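This report goes through selected features of the structure shown below.

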Protein chains: 4
Amino acid sequence: VLVSTESTGPTRGYTASKDQLQARLRRIEGQVRGIHGMVEEDRYCIDVLTQISAIQAALDKVALALLDGHAHTCVIGAEPDQQDARTAEMMAAVARLMHRG
Amino acid sequence: VLVSTESTGPTRGYTASKDQLQARLRRIEGQVRGIHGMVEEDRYCIDVLTQISAIQAALDKVALALLDGHAHTCVIGAEPDQQDARTAEMMAAVARLMHRG
Amino acid sequence: VLVSTESTGPTRGYTASKDQLQARLRRIEGQVRGIHGMVEEDRYCIDVLTQISAIQAALDKVALALLDGHAHTCVIGAEPDQQDARTAEMMAAVARLMHRG
Amino acid sequence: VLVSTESTGPTRGYTASKDQLQARLRRIEGQVRGIHGMVEEDRYCIDVLTQISAIQAALDKVALALLDGHAHTCVIGAEPDQQDARTAEMMAAVARLMHRG
(Lines give C-alpha, C1' and ligand atoms only; values in the text may rest on other atoms or scores of the structure.)
Protein backbone atom coordinates (compact mmCIF):
# COMPACT_ATOMS: atom_id res chain seq x y z
CA VAL A 1 0.00 0.00 0.00
CA LEU A 2 1.41 3.34 -1.00
CA VAL A 3 1.36 5.99 1.66
CA SER A 4 0.85 8.70 -0.91
CA THR A 5 -2.64 7.49 -1.78
CA GLU A 6 -3.65 7.43 1.85
CA SER A 7 -2.46 10.88 2.76
CA THR A 8 -5.04 13.35 3.95
CA GLY A 9 -3.36 16.45 2.56
CA PRO A 10 -5.24 19.07 0.58
CA THR A 11 -6.73 17.95 -2.74
CA ARG A 12 -4.74 19.25 -5.67
CA GLY A 13 -5.20 19.09 -9.43
CA TYR A 14 -2.79 16.16 -9.46
CA THR A 15 -4.11 14.23 -6.46
CA ALA A 16 -5.96 11.66 -8.58
CA SER A 17 -2.84 10.87 -10.59
CA LYS A 18 -0.21 11.49 -7.91
CA ASP A 19 1.48 8.08 -8.18
CA GLN A 20 1.81 8.39 -11.95
CA LEU A 21 3.20 11.92 -11.59
CA GLN A 22 5.79 10.78 -9.05
CA ALA A 23 6.81 7.88 -11.26
CA ARG A 24 7.38 10.31 -14.12
CA LEU A 25 9.47 12.58 -11.92
CA ARG A 26 11.61 9.64 -10.80
CA ARG A 27 12.17 8.75 -14.44
CA ILE A 28 13.19 12.33 -15.28
CA GLU A 29 15.56 12.38 -12.31
CA GLY A 30 17.13 9.20 -13.72
CA GLN A 31 17.43 10.80 -17.15
CA VAL A 32 19.32 13.77 -15.66
CA ARG A 33 21.61 11.36 -13.83
CA GLY A 34 22.10 9.56 -17.14
CA ILE A 35 23.33 12.78 -18.75
CA HIS A 36 25.76 13.24 -15.91
CA GLY A 37 27.11 9.79 -16.72
CA MET A 38 27.37 10.60 -20.42
CA VAL A 39 29.44 13.68 -19.63
CA GLU A 40 31.59 11.63 -17.25
CA GLU A 41 32.35 9.27 -20.15
CA ASP A 42 33.11 12.17 -22.54
CA ARG A 43 30.28 11.23 -24.87
CA TYR A 44 29.64 13.22 -28.03
CA CYS A 45 28.07 16.68 -27.45
CA ILE A 46 25.23 16.07 -29.89
CA ASP A 47 24.21 12.86 -28.12
CA VAL A 48 24.12 14.73 -24.80
CA LEU A 49 21.98 17.45 -26.41
CA THR A 50 19.56 14.85 -27.77
CA GLN A 51 19.05 13.56 -24.24
CA ILE A 52 18.46 17.08 -22.94
CA SER A 53 15.74 17.54 -25.56
CA ALA A 54 14.16 14.27 -24.39
CA ILE A 55 14.11 15.54 -20.79
CA GLN A 56 12.57 18.82 -21.87
CA ALA A 57 9.83 16.92 -23.69
CA ALA A 58 9.19 14.80 -20.58
CA LEU A 59 9.09 17.91 -18.35
CA ASP A 60 6.70 19.67 -20.71
CA LYS A 61 4.43 16.63 -20.60
CA VAL A 62 4.44 16.73 -16.78
CA ALA A 63 3.78 20.48 -16.86
CA LEU A 64 0.84 20.09 -19.24
CA ALA A 65 -0.64 17.32 -17.08
CA LEU A 66 -0.30 19.51 -13.97
CA LEU A 67 -1.87 22.48 -15.74
CA ASP A 68 -4.71 20.32 -16.99
CA GLY A 69 -5.46 18.96 -13.53
CA HIS A 70 -5.18 22.43 -12.07
CA ALA A 71 -7.59 23.92 -14.60
CA HIS A 72 -10.22 21.22 -14.14
CA THR A 73 -9.94 20.99 -10.35
CA CYS A 74 -8.62 24.24 -8.89
CA VAL A 75 -9.94 26.80 -11.41
CA ILE A 76 -13.31 25.45 -12.53
CA GLY A 77 -13.79 23.84 -9.13
CA ALA A 78 -13.04 27.04 -7.19
CA GLU A 79 -15.68 29.18 -5.52
CA PRO A 80 -17.09 31.58 -8.15
CA ASP A 81 -15.50 34.61 -6.51
CA GLN A 82 -12.06 32.96 -6.70
CA GLN A 83 -12.18 31.77 -10.30
CA ASP A 84 -10.82 34.97 -11.84
CA ALA A 85 -7.83 35.10 -9.50
CA ARG A 86 -7.10 31.41 -10.08
CA THR A 87 -7.29 31.93 -13.84
CA ALA A 88 -4.86 34.86 -13.72
CA GLU A 89 -2.44 32.75 -11.70
CA MET A 90 -2.74 29.88 -14.19
CA MET A 91 -2.08 32.21 -17.14
CA ALA A 92 1.09 33.50 -15.48
CA ALA A 93 2.23 29.86 -15.21
CA VAL A 94 1.47 29.31 -18.91
CA ALA A 95 3.54 32.40 -19.81
CA ARG A 96 6.48 31.05 -17.79
CA LEU A 97 6.21 27.67 -19.54
CA MET A 98 6.38 29.53 -22.87
CA HIS A 99 9.50 31.32 -21.50
CA ARG A 100 7.64 34.62 -21.62
CA GLY A 101 6.88 35.12 -17.94
CA VAL B 1 42.04 15.76 -7.47
CA LEU B 2 39.06 15.11 -9.66
CA VAL B 3 39.33 12.12 -11.94
CA SER B 4 37.29 13.90 -14.56
CA THR B 5 40.02 16.43 -15.23
CA GLU B 6 42.62 13.71 -15.58
CA SER B 7 40.72 11.51 -17.97
CA THR B 8 42.22 10.91 -21.34
CA GLY B 9 38.95 10.53 -23.22
CA PRO B 10 38.25 12.30 -26.49
CA THR B 11 38.16 16.10 -26.38
CA ARG B 12 34.61 17.41 -26.59
CA GLY B 13 33.13 20.88 -26.81
CA TYR B 14 32.54 20.71 -23.04
CA THR B 15 35.87 19.23 -21.97
CA ALA B 16 37.28 22.55 -20.76
CA SER B 17 34.23 23.19 -18.55
CA LYS B 18 33.37 19.59 -17.68
CA ASP B 19 33.40 20.06 -13.89
CA GLN B 20 31.11 23.08 -14.10
CA LEU B 21 28.76 21.19 -16.42
CA GLN B 22 28.59 18.22 -14.06
CA ALA B 23 27.94 20.52 -11.10
CA ARG B 24 25.03 22.06 -13.01
CA LEU B 25 23.61 18.63 -13.83
CA ARG B 26 23.81 17.59 -10.16
CA ARG B 27 21.92 20.76 -9.24
CA ILE B 28 19.22 20.03 -11.82
CA GLU B 29 18.93 16.46 -10.55
CA GLY B 30 18.37 17.90 -7.07
CA GLN B 31 15.74 20.27 -8.42
CA VAL B 32 13.82 17.36 -9.97
CA ARG B 33 14.04 15.49 -6.66
CA GLY B 34 12.75 18.63 -4.97
CA ILE B 35 9.66 18.60 -7.16
CA HIS B 36 9.08 14.97 -6.23
CA GLY B 37 9.11 16.08 -2.60
CA MET B 38 6.69 18.94 -3.29
CA VAL B 39 4.24 16.50 -4.87
CA GLU B 40 4.71 14.12 -1.93
CA GLU B 41 3.67 16.96 0.39
CA ASP B 42 0.68 17.87 -1.81
CA ARG B 43 2.02 21.34 -2.52
CA TYR B 44 0.03 23.77 -4.64
CA CYS B 45 0.04 22.97 -8.39
CA ILE B 46 1.18 26.45 -9.39
CA ASP B 47 4.21 26.26 -7.09
CA VAL B 48 5.17 22.91 -8.65
CA LEU B 49 4.82 24.45 -12.13
CA THR B 50 7.03 27.36 -11.16
CA GLN B 51 9.75 24.90 -10.18
CA ILE B 52 9.36 23.04 -13.48
CA SER B 53 9.89 26.33 -15.33
CA ALA B 54 13.04 26.90 -13.29
CA ILE B 55 14.37 23.48 -14.28
CA GLN B 56 13.59 24.13 -17.93
CA ALA B 57 15.53 27.40 -17.75
CA ALA B 58 18.48 25.59 -16.15
CA LEU B 59 18.38 22.83 -18.80
CA ASP B 60 18.22 25.38 -21.61
CA LYS B 61 21.27 27.11 -20.14
CA VAL B 62 23.16 23.79 -20.11
CA ALA B 63 22.04 23.08 -23.67
CA LEU B 64 23.19 26.49 -24.90
CA ALA B 65 26.56 26.04 -23.20
CA LEU B 66 26.95 22.60 -24.81
CA LEU B 67 25.98 23.96 -28.23
CA ASP B 68 28.39 26.83 -27.85
CA GLY B 69 31.30 24.56 -26.94
CA HIS B 70 30.35 22.20 -29.75
CA ALA B 71 30.24 24.98 -32.34
CA HIS B 72 33.59 26.46 -31.33
CA THR B 73 35.41 23.13 -30.88
CA CYS B 74 33.78 20.41 -32.96
CA VAL B 75 32.40 22.42 -35.91
CA ILE B 76 34.95 25.19 -36.50
CA GLY B 77 37.71 22.91 -35.25
CA ALA B 78 36.78 20.03 -37.57
CA GLU B 79 38.67 19.11 -40.69
CA PRO B 80 37.40 21.30 -43.55
CA ASP B 81 35.73 18.38 -45.32
CA GLN B 82 33.77 17.53 -42.16
CA GLN B 83 32.54 21.01 -41.30
CA ASP B 84 29.39 20.86 -43.40
CA ALA B 85 28.28 17.54 -41.93
CA ARG B 86 28.99 18.77 -38.40
CA THR B 87 27.01 21.94 -39.07
CA ALA B 88 24.01 19.98 -40.33
CA GLU B 89 24.11 17.82 -37.23
CA MET B 90 24.28 20.88 -34.99
CA MET B 91 21.32 22.49 -36.75
CA ALA B 92 19.24 19.35 -36.20
CA ALA B 93 20.04 19.67 -32.48
CA VAL B 94 18.97 23.33 -32.51
CA ALA B 95 15.67 22.34 -34.16
CA ARG B 96 15.05 19.75 -31.44
CA LEU B 97 15.79 22.32 -28.71
CA MET B 98 13.19 24.60 -30.33
CA HIS B 99 10.80 21.60 -30.25
CA ARG B 100 10.74 21.57 -34.03
CA GLY B 101 12.94 18.56 -34.72
CA VAL C 1 -16.66 55.32 -34.80
CA LEU C 2 -15.12 51.93 -35.47
CA VAL C 3 -17.40 49.38 -37.02
CA SER C 4 -15.77 46.63 -35.06
CA THR C 5 -17.10 47.93 -31.78
CA GLU C 6 -20.61 48.13 -33.19
CA SER C 7 -20.74 44.63 -34.57
CA THR C 8 -23.32 42.31 -33.16
CA GLY C 9 -21.32 39.13 -33.61
CA PRO C 10 -20.92 36.56 -30.86
CA THR C 11 -19.06 37.67 -27.73
CA ARG C 12 -15.56 36.23 -27.62
CA GLY C 13 -12.81 36.34 -25.05
CA TYR C 14 -11.25 39.17 -27.06
CA THR C 15 -14.37 41.21 -27.76
CA ALA C 16 -13.63 43.81 -25.08
CA SER C 17 -10.15 44.43 -26.48
CA LYS C 18 -10.82 43.76 -30.16
CA ASP C 19 -9.48 47.07 -31.45
CA GLN C 20 -6.24 46.70 -29.52
CA LEU C 21 -5.86 43.12 -30.78
CA GLN C 22 -6.37 44.19 -34.38
CA ALA C 23 -3.86 47.01 -33.99
CA ARG C 24 -1.31 44.51 -32.72
CA LEU C 25 -1.96 42.19 -35.66
CA ARG C 26 -1.50 45.07 -38.13
CA ARG C 27 1.82 45.87 -36.46
CA ILE C 28 2.95 42.25 -36.73
CA GLU C 29 1.91 42.18 -40.39
CA GLY C 30 4.10 45.25 -40.91
CA GLN C 31 7.00 43.57 -39.11
CA VAL C 32 6.76 40.55 -41.45
CA ARG C 33 6.72 42.91 -44.44
CA GLY C 34 9.76 44.62 -42.94
CA ILE C 35 11.65 41.33 -42.93
CA HIS C 36 10.74 40.82 -46.56
CA GLY C 37 12.33 44.21 -47.26
CA MET C 38 15.46 43.31 -45.29
CA VAL C 39 15.88 40.16 -47.38
CA GLU C 40 15.28 42.18 -50.55
CA GLU C 41 18.18 44.45 -49.51
CA ASP C 42 20.44 41.46 -48.68
CA ARG C 43 20.72 42.47 -45.04
CA TYR C 44 22.85 40.45 -42.64
CA CYS C 45 21.32 37.06 -41.63
CA ILE C 46 21.68 37.73 -37.91
CA ASP C 47 19.77 41.02 -38.18
CA VAL C 48 16.95 39.21 -40.01
CA LEU C 49 16.90 36.55 -37.26
CA THR C 50 16.70 39.22 -34.56
CA GLN C 51 13.59 40.60 -36.25
CA ILE C 52 12.05 37.13 -36.45
CA SER C 53 12.58 36.74 -32.69
CA ALA C 54 10.83 40.08 -32.17
CA ILE C 55 7.83 38.90 -34.20
CA GLN C 56 7.69 35.66 -32.24
CA ALA C 57 7.64 37.64 -28.99
CA ALA C 58 4.83 39.82 -30.33
CA LEU C 59 2.82 36.77 -31.50
CA ASP C 60 3.29 35.06 -28.13
CA LYS C 61 2.00 38.20 -26.43
CA VAL C 62 -1.10 38.16 -28.65
CA ALA C 63 -1.58 34.44 -27.98
CA LEU C 64 -1.33 34.92 -24.21
CA ALA C 65 -3.84 37.77 -24.33
CA LEU C 66 -6.26 35.63 -26.38
CA LEU C 67 -5.85 32.69 -23.99
CA ASP C 68 -6.42 34.94 -21.01
CA GLY C 69 -9.60 36.41 -22.44
CA HIS C 70 -10.76 32.95 -23.46
CA ALA C 71 -10.16 31.51 -19.99
CA HIS C 72 -11.98 34.33 -18.19
CA THR C 73 -14.87 34.60 -20.63
CA CYS C 74 -15.41 31.34 -22.48
CA VAL C 75 -14.23 28.80 -19.88
CA ILE C 76 -15.26 30.25 -16.53
CA GLY C 77 -18.22 31.95 -18.18
CA ALA C 78 -19.48 28.75 -19.83
CA GLU C 79 -22.46 26.75 -18.63
CA PRO C 80 -21.23 24.35 -15.89
CA ASP C 81 -21.75 21.29 -18.08
CA GLN C 82 -19.54 22.80 -20.80
CA GLN C 83 -16.64 23.94 -18.63
CA ASP C 84 -14.72 20.66 -18.76
CA ALA C 85 -14.89 20.44 -22.55
CA ARG C 86 -13.84 24.09 -22.88
CA THR C 87 -10.91 23.51 -20.52
CA ALA C 88 -9.73 20.49 -22.51
CA GLU C 89 -9.88 22.55 -25.69
CA MET C 90 -7.90 25.36 -24.06
CA MET C 91 -5.24 22.95 -22.82
CA ALA C 92 -4.79 21.58 -26.34
CA ALA C 93 -4.19 25.17 -27.49
CA VAL C 94 -1.60 25.68 -24.73
CA ALA C 95 0.19 22.48 -25.82
CA ARG C 96 0.32 23.76 -29.41
CA LEU C 97 1.73 27.11 -28.25
CA MET C 98 4.45 25.19 -26.41
CA HIS C 99 5.08 23.30 -29.70
CA ARG C 100 3.96 20.07 -28.06
CA GLY C 101 0.51 19.69 -29.61
CA VAL D 1 13.09 37.70 -64.53
CA LEU D 2 13.24 38.46 -60.84
CA VAL D 3 15.33 41.42 -59.86
CA SER D 4 16.32 39.73 -56.63
CA THR D 5 18.35 37.10 -58.42
CA GLU D 6 20.18 39.72 -60.41
CA SER D 7 21.13 41.95 -57.51
CA THR D 8 24.77 42.41 -56.80
CA GLY D 9 24.43 42.88 -53.06
CA PRO D 10 26.63 41.07 -50.56
CA THR D 11 26.34 37.27 -50.47
CA ARG D 12 24.40 36.10 -47.44
CA GLY D 13 23.58 32.68 -46.05
CA TYR D 14 20.19 32.96 -47.76
CA THR D 15 21.32 34.32 -51.12
CA ALA D 16 21.01 30.96 -52.90
CA SER D 17 17.43 30.51 -51.69
CA LYS D 18 16.36 34.14 -51.59
CA ASP D 19 13.28 33.75 -53.80
CA GLN D 20 12.00 30.83 -51.76
CA LEU D 21 12.60 32.76 -48.53
CA GLN D 22 10.71 35.77 -49.82
CA ALA D 23 7.82 33.57 -50.96
CA ARG D 24 7.59 32.11 -47.47
CA LEU D 25 7.59 35.56 -45.90
CA ARG D 26 4.77 36.67 -48.22
CA ARG D 27 2.79 33.61 -47.17
CA ILE D 28 3.33 34.38 -43.48
CA GLU D 29 2.29 37.98 -44.08
CA GLY D 30 -0.92 36.64 -45.61
CA GLN D 31 -1.47 34.35 -42.63
CA VAL D 32 -1.21 37.31 -40.23
CA ARG D 33 -3.69 39.23 -42.39
CA GLY D 34 -5.93 36.17 -42.26
CA ILE D 35 -5.95 36.27 -38.47
CA HIS D 36 -6.89 39.94 -38.61
CA GLY D 37 -9.88 38.90 -40.74
CA MET D 38 -10.83 36.13 -38.30
CA VAL D 39 -10.88 38.64 -35.44
CA GLU D 40 -12.90 41.06 -37.58
CA GLU D 41 -15.51 38.31 -38.04
CA ASP D 42 -15.50 37.47 -34.29
CA ARG D 43 -14.29 33.93 -34.89
CA TYR D 44 -13.81 31.53 -31.99
CA CYS D 45 -10.73 32.27 -29.83
CA ILE D 46 -9.39 28.73 -30.10
CA ASP D 47 -9.49 28.86 -33.91
CA VAL D 48 -7.54 32.12 -33.86
CA LEU D 49 -4.97 30.55 -31.51
CA THR D 50 -4.59 27.54 -33.81
CA GLN D 51 -3.71 29.92 -36.63
CA ILE D 52 -1.19 31.73 -34.45
CA SER D 53 0.51 28.39 -33.71
CA ALA D 54 0.66 27.72 -37.46
CA ILE D 55 2.38 31.07 -38.04
CA GLN D 56 4.86 30.38 -35.26
CA ALA D 57 5.71 27.04 -36.87
CA ALA D 58 6.21 28.76 -40.23
CA LEU D 59 8.40 31.47 -38.67
CA ASP D 60 10.50 28.87 -36.85
CA LYS D 61 11.00 27.06 -40.15
CA VAL D 62 12.20 30.29 -41.77
CA ALA D 63 14.48 30.98 -38.79
CA LEU D 64 16.02 27.51 -38.94
CA ALA D 65 16.63 27.87 -42.68
CA LEU D 66 18.30 31.25 -42.13
CA LEU D 67 20.45 29.86 -39.33
CA ASP D 68 21.43 26.90 -41.45
CA GLY D 69 22.47 29.07 -44.38
CA HIS D 70 24.29 31.41 -42.02
CA ALA D 71 26.23 28.58 -40.37
CA HIS D 72 27.30 27.00 -43.66
CA THR D 73 28.12 30.26 -45.45
CA CYS D 74 28.98 33.00 -42.97
CA VAL D 75 30.48 30.98 -40.10
CA ILE D 76 32.32 28.11 -41.79
CA GLY D 77 33.02 30.32 -44.79
CA ALA D 78 34.48 33.16 -42.73
CA GLU D 79 38.16 33.95 -42.47
CA PRO D 80 39.65 31.75 -39.70
CA ASP D 81 40.23 34.72 -37.40
CA GLN D 82 36.53 35.69 -37.65
CA GLN D 83 35.00 32.28 -37.09
CA ASP D 84 34.86 32.50 -33.31
CA ALA D 85 33.17 35.89 -33.33
CA ARG D 86 30.65 34.71 -35.95
CA THR D 87 29.92 31.61 -33.89
CA ALA D 88 29.29 33.67 -30.75
CA GLU D 89 26.90 35.89 -32.68
CA MET D 90 25.06 32.85 -34.06
CA MET D 91 24.71 31.33 -30.59
CA ALA D 92 23.17 34.56 -29.30
CA ALA D 93 20.61 34.28 -32.12
CA VAL D 94 19.87 30.68 -31.14
CA ALA D 95 19.32 31.76 -27.51
CA ARG D 96 16.86 34.43 -28.66
CA LEU D 97 14.97 31.89 -30.80
CA MET D 98 14.68 29.70 -27.69
CA HIS D 99 13.34 32.81 -25.85
CA ARG D 100 16.38 32.76 -23.60
CA GLY D 101 18.35 35.66 -25.07
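The model is a predicted one. Phi of A:H99 is positive, near 60°, although the residue is not glycine. Most residues other than glycine have a negative phi.

D:H99 is placed in the segment after α3 of chain D, and its phi is likewise a positive value near 60° in a residue other than glycine. In chain B, α3(B) is followed by B:H99, whose phi is positive and near 60°.

## The largest cavity

The structure holds 2 cavities of 30 Å³ or more. The largest cavity has about 290 Å³ of space. It is lined by 22 residues, of which A:H99, B:H99, C:M98, C:H99 and D:H99 are the closest to its centre. Helix α2 (45–75) of chain A, of chain B, of chain C and of chain D are the elements that give two or more residues to this lining.

By class, the lining of the largest cavity divides into 8 nonpolar, 8 polar and 6 charged residues.

About 40 Å³ of space lies in the second largest cavity. Chain A contributes A:A71, A:V75, A:I76, A:T87 and A:M90 to its lining, and chain C contributes C:A71, C:V75, C:T87 and C:M90. The elements that give two or more residues to this lining are α2 and α3 (83–97) of chain A, with α2 and α3 (83–97) of chain C. The lining has 7 nonpolar residues, 2 polar residues and no charged ones.

One of the lining residues is C:T87, which sits in helix α3 of chain C. Is C:T87 buried or exposed? Its relative accessibility is 1%, so C:T87 counts as buried, the cut-off for buried being under 20%. Leaving aside residues up to four places away in sequence, C:T87 touches A:A71, A:H72 and A:I76 of chain A, and C:V75 of chain C.

## The nonpolar core

The largest nonpolar core has 128 residues, and A:I52, C:I52 and D:I52 touch the most other members. In soluble globular proteins, nonpolar side chains tend to be buried together. Beyond residues up to four places away in sequence, D:I52 is in contact with C:L59, C:V62, C:A63, C:L66 and C:L97 of chain C, and with D:I35 of chain D.

D:A63 is in helix α2 of chain D. Its relative accessible area is 0%, and D:A63 is therefore buried. D:A63 and D:A93 are 30 residues apart along the chain, with their C-alpha atoms separated by 9.6 Å.

Helix α2 of chain D also holds D:Q56. With a relative accessible area of 4%, D:Q56 is buried. The residues that D:Q56 touches, not counting those up to four places away in sequence, are B:R100 of chain B and C:Q56, C:L59, C:D60 and C:L97 of chain C.

## Helix α1 of chain A

Helix α1 of chain A covers residues 18–40, and at 1.5 Å a residue its 23 residues should span 33 Å; the end C-alpha atoms are 33 Å apart, so the two values agree. Its buried residues are A:K18, A:L21, A:Q22, A:L25, A:I28, A:E29, A:V32, A:I35, A:H36, A:M38 and A:V39. What covers them includes α2 of chain A and α1 (18–40) of chain B. After α1(A) comes A:D42, with a positive phi near 60°.

## Helix α3 of chain B

Helix α3 of chain B runs over residues 83–97. At 1.5 Å a residue, its 15 residues should span 21 Å, and this agrees with the 21 Å between its end C-alpha atoms. Which residues of α3(B) are buried? They are B:Q83, B:T87, B:M90, B:M91, B:A93, B:V94, B:A95 and B:L97. These buried residues pack against α2 of chain A, α2 of chain B, and both α2 and α3 (83–97) of chain D.

Definitions and conventions. Residues numbered from 1 in each chain as written. Chains lettered and ligands numbered in written order. Predicted model: local features only at pLDDT ≥ 70, side-chain atom pairs only at ≥ 80, totals over all residues. Heavy atoms only, no water. Core = buried A, V, L, I, M, F, W, Y, C linked by side-chain atoms within 4.5 Å. Buried < 20%, exposed > 50% of the residue type's maximum accessible area, 1.4 Å probe, protein only. Contact = heavy atoms within 4.5 Å. 1 Å grid on protein atoms, 1.4 Å probe; cavity = no way out; pocket = protein on both sides within 12 Å on 5 of 7 lines; lining within 4 Å. Points joined across faces, edges and corners; volume = space filled by probe spheres on them. Helix = DSSP H or I, 4+ residues; strand = E, 2+ residues; numbered from the N terminus. Nonpolar A, V, L, I, M, F, W, Y, C, P; charged D, E, K, R; others polar. Expected span 1.5 Å × (residues − 1).
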